[in-house]
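Have a look at the structure first, and then we'll pick out a few spots.

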Amino acid sequence: HYGRTRRADKAVRYLALAGDKSLRVYAVEEAHERFRRVVELSEAVPGCADDVFLADVLLAWARAYYYRKDNHGLVELQRYLPRVEALGDGRQLSLFLFWLGFAHVIGARGDAARPLLERALAVGEALGDDECVGFACMGLMWLYMLKAFGRVLAVHPDVVGIALRD
């Protein structure tokens with residue numbers, strides 16, 4: 001019901017909670033739509049959500065994009081990178097950099113992926129955050145493993161992940 005209220009601060013909070021719940025049960029389209037509405041509302045009504053909250057929503061939305069196999073949409077989240085960087089929250093930054101970098105790996109854009117993933121790793125290591133380091137290392141592993149094959153990379157439309165083609 002808060003999705004229809006004029007209180008944008010309440011609407012974004014409850015939409016984000018609903019999006020998180022949807023994502024936990026893999027109702028991916030519902031989650032995606034709710035996160036999209038949170039971001040749109042936060043842009044339309046400045047001040048209804050702080051940037052820390054928005055960064056959490058962006059991380060969840062990145063997962064929804066990944067589960068939807070919408071790599072292009074995930075890459076477009078890069079426009080929010082300056083806002084996430086400005087927060088000074090290293091954990092959120094590292095994880096956001098991972099998702100952006102991994103989207104470029106999946107899209108066979110290794111030159112764009114590498115600096116994002118290396119930065120995600122450096123931030124995670126500086127924090128001593130094993131989860132951040134693990135995600136960044138996984139992204140780099142895929143980048144270097146696929147690069148070692150020396151083939152053209154392509155994203156298979158029916159598979160979440162990466163496929164090789166000759």
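M145 sits in helix 8, where helices (H or I, at least four residues) and strands (E, at least two) are DSSP runs numbered from the N terminus. With 31% relative accessibility, M145 counts as partly exposed; buried means under 20% relative accessible area, exposed means over 50%, and partly exposed is in between (1.4 Å probe, protein chains only). Together with M138 and M141, M145 makes a nonpolar surface patch of about 230 Å². Patches are built from residues with over 30% relative accessible area and no salt bridge, with like charges joined within 9 Å and nonpolar side chains (Val, Leu, Ile, Met, Phe, Trp, Tyr) within 5 Å.

A word on ground rules. This is a predicted model, so local features need pLDDT of at least 70 and side-chain atom pairs count only at pLDDT 80 or more, while totals for chains, interfaces and linings use all residues. Residues are numbered from 1 along each chain as its sequence is written, and side-chain values use heavy atoms, with hydrogens and water left out.

**The overall picture**

The protein has 8 helices and 2 strands, and from the N terminus on its elements run α-α-α-α-α-α-α-α-β-β. Of its 166 residues, 42% count as buried. The accessible surface comes to about 9,000 Å², and 53% of that belongs to carbon and sulfur atoms; these areas come from the Shrake-Rupley method with a 1.4 Å probe, and for residues only the protein chains shown count as cover. Among contacts (heavy atoms within 4.5 Å) with a separation of 6 or more, 54% are between residues 24 or more positions apart.

**Inside**

Which residues touch the most other members of the largest nonpolar core? They are F35, L58, W61, L77 and F96, out of 50 residues in that core. The elements that give two or more residues to this core are helix 1 (8-24), helix 2, helix 3 (51-68), helix 4 (71-76), helix 5 (81-87), helix 6 (90-106), helix 7 (110-127) and helix 8 (130-149). A nonpolar core here is a set of buried Ala, Val, Leu, Ile, Met, Phe, Trp, Tyr and Cys residues joined through side-chain atoms within 4.5 Å. In soluble globular proteins, nonpolar side chains tend to be buried together. Take F96: leaving aside neighbours within four places in sequence, F96 is in contact with L58, L59, L77, Y80, L81 and V84.

Not counting residues up to four places away in sequence, H32 touches W61, A64, Y65 and R68.

S42 also lies in helix 2, which covers residues 28-44. Is S42 buried or exposed? S42 is buried, since its relative accessibility is 10%. A polar atom of the S42 side chain lies 2.9 Å from the backbone oxygen of V39. Beyond its neighbours within four places in sequence, S42 is in contact with V12, C48, A49 and L54.

**Charged pairs**

Side chains of opposite charge can pair when their charged atoms come close. The structure holds 11 salt bridges, a salt bridge being a side-chain nitrogen of Lys or Arg within 4 Å of a carboxyl oxygen of Asp or Glu.

| Pair | N to O distance |
|---|---|
| E33 and R36 | 2.1 Å |
| E40 and R36 | 2.4 Å |
| R91 and E131 | 2.3 Å |

R36 pairs with E33 and with E40. E33 and R36 are 3 residues apart in helix 2, about one turn of the helix, whereas E40 and R36 are 4 residues apart in helix 2, again about one turn. Why does R36 count as partly exposed? Because its relative accessibility is 24%. E33 is partly exposed at 30%, and E40 is partly exposed at 41%.

Finally, E29, R68 and D70 are linked in a network of salt bridges. R68 is also one of the residues that H32 touches.

Technical notes: A polar contact is a pair of N or O atoms within 3.5 Å; within protein, one must be able to donate a hydrogen and the other to accept it, and residues adjacent in sequence count only if both atoms are side-chain atoms.
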